[in-house]
Amino acid sequence: MRKTEIIILGGGAAGLMASCAAAQILKKNGAVLLLEGNQKLGRKLLATGNGRCNLTNLNASPAHYHGDVPAATPLLEQYTPEAVMAAFRDMGLVIKPDSEGRVYPRSLQAAAVLAVLRRSAEEAGVSCMLGNPAISVLKTKRGFLIKCADGEEIEAARCILACGGAASPKHSCSADGYAFAKALGHTVTPLYPALTQLLCKGKACKSLAGMRCPARAALLADGKEIYAESGEVQFTDTGLSGICVFGLSVYAAEFFALGTIGGKAYRSLSVSLDCLSDWSFTELCDYINEMRTAYPNRMAGELLDGLLNMRVGYALVQAAGIDPARSAKFVTPGQMQKLASLVKAWRFEITGTKSWQDAQITAGGVPLQEMDPLTMHSKKTDGLYLAGELLNIHGDCGGYNLHFAWATGLAAGEAAAKSLMKERKS
Ligand SMILES: Cc1cc2nc3c(=O)[nH]c(=O)nc-3n(C[C@H](O)[C@H](O)[C@H](O)COP(=O)(O)OP(=O)(O)OC[C@H]3O[C@@H](n4cnc5c(N)ncnc54)[C@H](O)[C@@H]3O)c2cc1C
């Protein structure tokens with residue numbers, strides 16, 4: 001049987017960071033063992049930020065998280081974006097924020113983030129076992145007994161669970177972490193896929209698939225605005241996508257999983273797009289009227305050509321019930337008003353979100369109330385720590401989810417190593 005002092009299950013973002021933090025404190029080769037079920041470490045990390053890895057956000061604060069936010073606040077206040085950026089700088093990574101506070105490696109390569117983490121872990125004496133997932137974790141008198149898929153057994157004094165969530169299974173070997181946490185006395189809240197595309201009723205989106213347009217996207221529950229974000233909306237074969245839509249999907253995911261948003265029950269969900277949020281309704285009506293008067297022989301379908309993405313403008317004209325092939329002069333004042341209303345509030349009925357395969361993160365998980373708020377030490381099992389997506393917290397799009405993985409990885413790794421040091425001294 002193999003023995004180690006700290007075992008970390010999962011060599012993704014949180015597990016890699018935890019292994020570096022723990023090994024740097026213990027300063028002993030092989031004292032930390034990182035067990036990864038895939039053949040390679042950090043597969044999901046390589047896919048983050050479209051291969052560029054949006055690793056944190058200068059605005060990372062509790063306001064950008066959902067789930068057990070109050071219980072996560074002490075941790076987020078301790079492990080700020082500055083602390084996370086300092087940890088990466090210490091590993092030799094040069095980082096750069098963009099104008100909206102999203103932080104990337106200067107090289108814009110997720111591979112560079114993985115490379116510095118892997119090298120730092122090696123240099124600190126972390127041992128890695130790859131391609132051999134854990135299949136069970138038992139609490140014993142001396143610590144933990146981990147059984148691996150190939151039959152190998154490992155004994156460890158401390159265990160950090162960092163197996164990630166259920167989202168994007170193609171990048172992860174499993175969602176076993178929830179079962180391990182349950183076996184060790186924890187509960188798991190309902191899980192649902194978040195940061196994903198919204199599925200819409202009707203053919204409007206399909207006809208515009210591939211088109212992008214800047215818009216203010218508002219999520220309406222039973223007709224009332226719940227949340228809105230501005231940004232570039234992308235039309236797809238099945239609905240709406242884009243970073244601002246991902247922001248709405250966090251609420252939509254809860255609705256489709258539980259029938260609630262923020263715990264309150266609703267019956268229907270729609271998205272309203274304002275495709276020209278910096279213009280008033282009156283300005284828009286005046287513009288359409290001017291265009292019709294100045295160019296009466298242009299086709300009605302061309303009325304918005306000079307203003308919006310042309311395909312989007314054409315679709316809006318059709319949606320307003322105007323024959324796009326007729327001359328603009330035949331468009332009535334009522335139709336012009338309807339067109340302006342649609343540009344400002346184009347409604348799409350939402351029928352669902354994309355599934356786990358396409359989601360970036362898991363909403364739900366192990367309640368933060370079951371953890372020590374600063375160390376991520378389990379209140380249920382002594383010597384156990386949890387980090388990353390396994391926990392019941394998820395962030396907005398923009399680097400907040402990786403920030404939480406680093407923060408909890410640092411907290412758990414440091415705390416597990418310090419508790420061992422303390423035990424050695426006593
Ligand atoms: C396409 C995509 C793009 C994203 N882009 C961003 C972004 O730019 N910015 C951002 O903040 N967030 C982004 N995210 C979210 C971010 O990747 C996750 O929040 C983060 O990776 C979670 O870290 P984690 O360590 O908890 O889990 P993971 O990174 O998923 O790591 C968990 C690891 O545990 C391993 N594992 C699972 N079960 C076992 C087992 N039984 N035994 C051993 N090992 C096991 C898995 O193979 C995996 O390697 C993105 C996600 C996706 C899918």
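Trainee: How much helix and strand does the chain have over residues 192-360, and how far apart are the end C-alpha atoms?
Mentor: Bear in mind that this is a predicted model. Residues 192-360 are 33% helix and 29% strand, with 11 Å between the end C-alpha atoms.

Trainee: How do α9 and α11 pack?
Mentor: Helix α9, residues 281-294, packs with helix α11, residues 333-344, at an angle of about 130°, and their axes are 9 Å apart. The angle therefore makes α9 oblique to α11.

Trainee: And is the crossing left-handed or right-handed?
Mentor: The crossing of α9 and α11 is right-handed. On the α9 side, the contact includes Phe281, Leu284 and Ile288, while α11 contributes residues including Met336, Leu339 and Val343. By class, the residues of this contact are eight nonpolar, three polar and two charged.

Trainee: Changing topic, where is threonine 48?
Mentor: Threonine 48 is in the loop between α2 (43-47) and β3 (56-57).

Trainee: Is threonine 48 buried or exposed, and why?
Mentor: Threonine 48 counts as buried because its relative accessibility is 17%, and buried means under 20%.

Trainee: What does threonine 48 touch?
Mentor: Leaving aside residues up to four places away in sequence, threonine 48 touches Cys53, Ala110 and Leu402.

How values were computed:
Residues numbered from 1 in each chain as written. Predicted model: local features only at pLDDT ≥ 70, side-chain atom pairs only at ≥ 80, totals over all residues. Heavy atoms only, no water. Axes fitted to C-alpha atoms, helices over the stretch in contact; angles between N-to-C directions. Helix = DSSP H or I, 4+ residues; strand = E, 2+ residues; numbered from the N terminus. Parallel < 35°, antiparallel > 145°, perpendicular 65-115°, else oblique. Left-handed = near helix turned anticlockwise from the far one by under 90°. Contact = heavy atoms within 4.5 Å. Nonpolar A, V, L, I, M, F, W, Y, C, P; charged D, E, K, R; others polar. Buried < 20%, exposed > 50% of the residue type's maximum accessible area, 1.4 Å probe, protein only.
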